Amino acid sequence: MQGCFALEGLYPSLNDGSVVPNGRGGGPYQAPPLTMRILAWNCRGASRAPTVRAIKALSRDSCPDAKGRAGGLALFWKKGVDLEVVSSDRFSIAALVCSDPPNSTWLLIAVHGPTNHSQRARFWSSMENIIKSFLGPWMMIGDFNCISSSKDKMGGKHVGDCSTRVLRNFMFNIGAIDLQFSGPTFTWSNRRLGLANIKERIDRSLCDQEWRCMFPKAGVRHLVAPCSDHNPILLDTHLENLKLSRPFRFEAMWTRDESSVKVVEEAWNILVEGSQSFKLAKKQRRVCQDFKKWNCECFSYTRSRIKELEALIADLQQKTPSQENLEMEAALMMELEEWQERDELKWRQKSRELWLKEGDRNSRFFHLSTIIRRRRNYINEIKANDGSWLNSRKDIGDYFTAKFIDLYQSQHPQFPPNLEDLIEACISDAENEALCSVLSEYEIKRAVFEMNPLKAPGPDGLPGLFYKHYWSIVGSQVIAAVQGFFREGWLLKEFNRTFITLIPKAQGACNFNQFRPISLCNVYYKIISKILITRLRPLLNRLIDPAQVAFVPNRWITENVVAAQEIVHSFRRTQKKKGYVGLKLDFQKAYDRMEWSFLQAALTAFGFNEQFIKLIQQCISSVQYSLLLNGSSFSTFSPSRGLRQGDPLSPYLFIIGSEVLLRLINREQSLGNLSGVKVARNAQPVSKLCYADDVLLFCKAKFHEVNSLVRCINTYCEWSGQKVSIEKSGFFTSKAVAAGLVTPEDERVLAGRTDPQTINDLMTLTDQCVASVSNMDYVCMLEIMKFEALRSQVTILQRLLKKQQEESRENKEENKRLEESRGILMLMI
C-alpha cells in the first residue's frame, strides 16, 4: 500500500445528530472549539505485521474499517465524521468534509504524487483544475514525491531549478500556503550509510487562505516510524490546546474611541509619592488596569459588534423606507464603518506587517498574516540533548530556561585593566560632558515620535502609539522621568524588564541553537537607549576600525562585499606558490556572550568618563528577563552578562567591544607577524573585513602567521567571553595552497598546536568553507548584477538625453532657417 490517510473528528453531537460547538462565536475569525487530526503516511508494506502494529500505535485505537480504496491509496475515517468521497484515481482521493467544523464544507485532497517525472506536470495540472472547480476552502496532504526548494533535500545530487519548478508553480497558481511543521526536518530517507544517504521532505500539507483562517491553530507534526522509509505526518487542527494567560497589550483600535482619553486622564491624575521614574511606573500600571476594565465593560468585541450592526441594518432595509428608518440606517452605516476600521487596525497591529502603510481595508490579509506568523513561531516540541523529544509546555519551558541561565551566566574573565594599551583614549572632556548632559524636552519628544508606533511592546504592554497619541497627557511625566535618569544615573528595574521571545531561524527548528532570542524592551527604556545612540553615533568614525562597516555612519556595507569578492577572485586566479589562507568566523550567540566587565574596560580605554559608563551599565546590567513561550510568560531570571537583541543600544556596544579583536590583529600586523592580501600590485594589504559579528580574516599560508591569528582570536575570546561557532565558520585557501602546499599532515599539526575551542577546529571543515565562499560569491554576484543594471540604465538615459539634445539642436536650426525664409518672403512682398 502506497498511501494511508486516517481522519479523526472530535466534535460532540446531540442525540438528534446536531453538533454543539463550544466557546464564543466569531465566524471565520474564531478557531473551531475542538480538534480534528489527519494522519498521512506512505507506509511501505502495509500488509506486514510490524506496519499494522505501527498504524495501530499511531492511531492509538483499533484500526478503522476502510471506506474506500483506489490505486494503492486508502482513506480511513472514524464514525461521526461526515465525509463524502467525490473523486479518486491512482494518485489522489478528493473528499468533502462537512462535520468539522459544523455547518461548513471544505475539500480534502489526499495525494501520492507520481514518481515518474513525465507524469508530474499532468498530475499537478489535474490537481489545479480540481481545486479551481471547488469554490470553498481546501486542504491537500500526503506524499507529493517532489520538493519545492533545495532546502528540502540533504545529500545526493544537487537539486536543479527544473526539479522544483513544478511544485512551486502549482503553489503560486492556486495561492497555496505550506503549513508549518515541527519534528524532524525530512520525511523520507533511503536509509543508506555515509555519503550515499539521501533525505528529503516530500510529505507535506498545503491549504488556501480560507482554510487557514478556518483553522488558525492548525499545524503539522513529523512523526517517526521505524518500519518504513517515510515518516508519518500528523495534521492537528488545534495544535495549541492550552489556554494560557497572555500579557496585557495596548490595542491600537482603542485610540479611535474618544472615551479612551478619559481612561488615560483618570489614571494619570492619581497622586503618587516618590521619584519621577517611580511615579511614571505607578501611572503606567494603573492605566493598564483601567484599560482592561474599560475594554470589557465599554469597548466589547469588534467582530460581535460588527455582526450586530449588520443584522440591524439588514432588518431596517426590509422595512418601509421612511425618513426615520433612512436616518437610522445612515447612522448605523457610519457606526459599522467605524467598527470595521477598528477591526482592520486591530489585525494590522497583530500581523506586524510594517511594510504596508495605508490602503484599502484588508482585515482578511492582516488576519491571515497573524495566523501564519503565530503558527511559524509556535514551539510544539523540542529535541533534548539526549535525543528525546519534549512535548509538554513545562518540559519545553524548563529546557529553554536552563539554557538561557547557562548562556547568561558570567565566566568572570581575567584581562589586563588597560587591555595591553591596545586602545588610546580619544574622547575629550567636552564630548564626555555632552554625552551626559540633561536632555531638553525637544530631544525627548523627538526620540518618542521617531519610533514605530506598532512595534511589539515590552512587558508593560504599551507601544509607541500610546505615547504618541496621548502625549498631551503623558508627555510631561515621561520627560521628567527621562531627565531624572540622566541627572541621577539610576534606572528603575521595572522599566528594564524584558520579554525574550524565540524566533525559529528555519522551519522545523527543534533545539536551542536553532532559535534566535529577540528581546522585547519597554518603550520608556527605548527612549533612553535611542537618545544615547544619537549622542554616541557621531563619535564612532574615530573609534572603530575602517574594516568594520556595520552601524558606523557614512560607511557603505557593500564596500566589504566588493572587497571580499575581489579577494576570493584573486585566490582562484593566483599562480604564486606562496599562497594565502582566508578564515570566515561567526561567533556563537555573540551578543549574549559579551561580558559586561570587558565592555566597561573597553569604554574606559576609549576615554569615556565614569558618569557615561555608569549610564551604560545601568542600561545593560539592570535587566530582568521573562521567557515568553508561545505568547505566554513562563519563567523569570536575571543575567550577569550579554547584550539584548532588540535593544537599540546593543549593536553599537558590540562593535565597540569587538574593536579589541581588530586592534589585536593590527598590532600583529605592525610587528610583521601578519601579512594581508593584496588584490593589486599597488593596493593596500587587507587582513580583515567585518560586518558586526561576521568576520573574514586573511594571511599568508605560513604556520607562524596562522598561529598569530589564532592567538589574537584566543585572546579576544578569553577576554570578552566570545566563542567561535564551528558550524557556521570555515577556511579557504588560494589556488596554490589548495593544490597541495598544505598537506594533511600539516593540517594535523596545525590542529594539534591550537586551542580546540577556537579557530583551528575549522581546519576539518573544508566543505563548509566552500559553501560559505560560494554563498559569498553569489551575494557579490548579485551586487555586481545590480550595479551593471544601474550602469546600463544610466547609459540608456545618457543616450536618450544626447539624442534629445541633438533633436533640440536640429529643431532650433530648422526654426532659424524658417525665420530667415520668412524674412526673405516679407522683403519680396
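User: How many of the six residues of strand β2 (residues 36–41) are buried?
Analyst: Helices (H or I, at least four residues) and strands (E, at least two) are DSSP runs, numbered from the N terminus. Buried means under 20% relative accessible area, exposed over 50% and partly exposed in between (1.4 Å probe, protein chains only). In this predicted model, β2 is largely enclosed by the rest of the structure, because its buried residues number five.

User: What pLDDT do local features need here?
Analyst: Residues are numbered from 1 along each chain as its sequence is written, and side-chain values use heavy atoms, leaving out hydrogens and water. This is a predicted model, where totals for chains, interfaces and linings use all residues, side-chain atom pairs count only at pLDDT 80 or more, and local features need pLDDT of at least 70.

User: Which residue of β16 is the bridge partner of Arg37?
Analyst: Strands β2 and β16 (residues 233–236) run antiparallel and are joined by four bridges; two strands pair if DSSP finds at least two. Leu39 faces Leu234 across this pairing. For Arg37, the partner in β16 is Asp236.

User: Which residue stands opposite Ile233 in β16?
Analyst: β16 also pairs with strand β15 (residues 219–222), again antiparallel, over four bridges. Both faces of β16 are covered, with Ile233 and Leu235 buried on one side and Leu234 and Asp236 buried on the other. Opposite Ile233 sits His222.

User: What is the volume of the largest cavity?
Analyst: A cavity is a set of points on a 1 Å grid over the protein atoms alone where a 1.4 Å probe fits but cannot get out, and its lining residues have an atom within 4 Å of a point. Points are joined across faces, edges and corners, and a volume is the space filled by probe spheres set on them. Searching the whole structure turns up five cavities of 30 Å³ or more. The largest cavity comes to about 130 Å³.

User: Which helix gives the most to the lining of the second largest cavity?
Analyst: This cavity holds about 60 Å³ of space. Its lining includes Gln548, Phe587, Phe654, Cys690, Asp693 and Tyr716. With four residues, the top contributor is helix α21 (residues 650–670).

User: How big is the second largest pocket by volume?
Analyst: A pocket is an open set of grid points with protein on both sides within 12 Å along at least five of seven lines. Among the 21 residues lining this one, Lys505, Arg516, Asp586, Asp693 and Lys728 are the closest to its centre. β20 (515–520), β21 (580–586), α18 (590–593) and α25 (766–828) are the elements that give two or more residues to the lining. The pocket's volume is about 740 Å³.

User: How many disulfides are there?
Analyst: The test is a pair of cysteine sulfur atoms within 2.5 Å. Cys712 is buried at 4% relative accessible area, whereas Cys426 is partly exposed at 26%. By the distance rule, the number of disulfides is zero.
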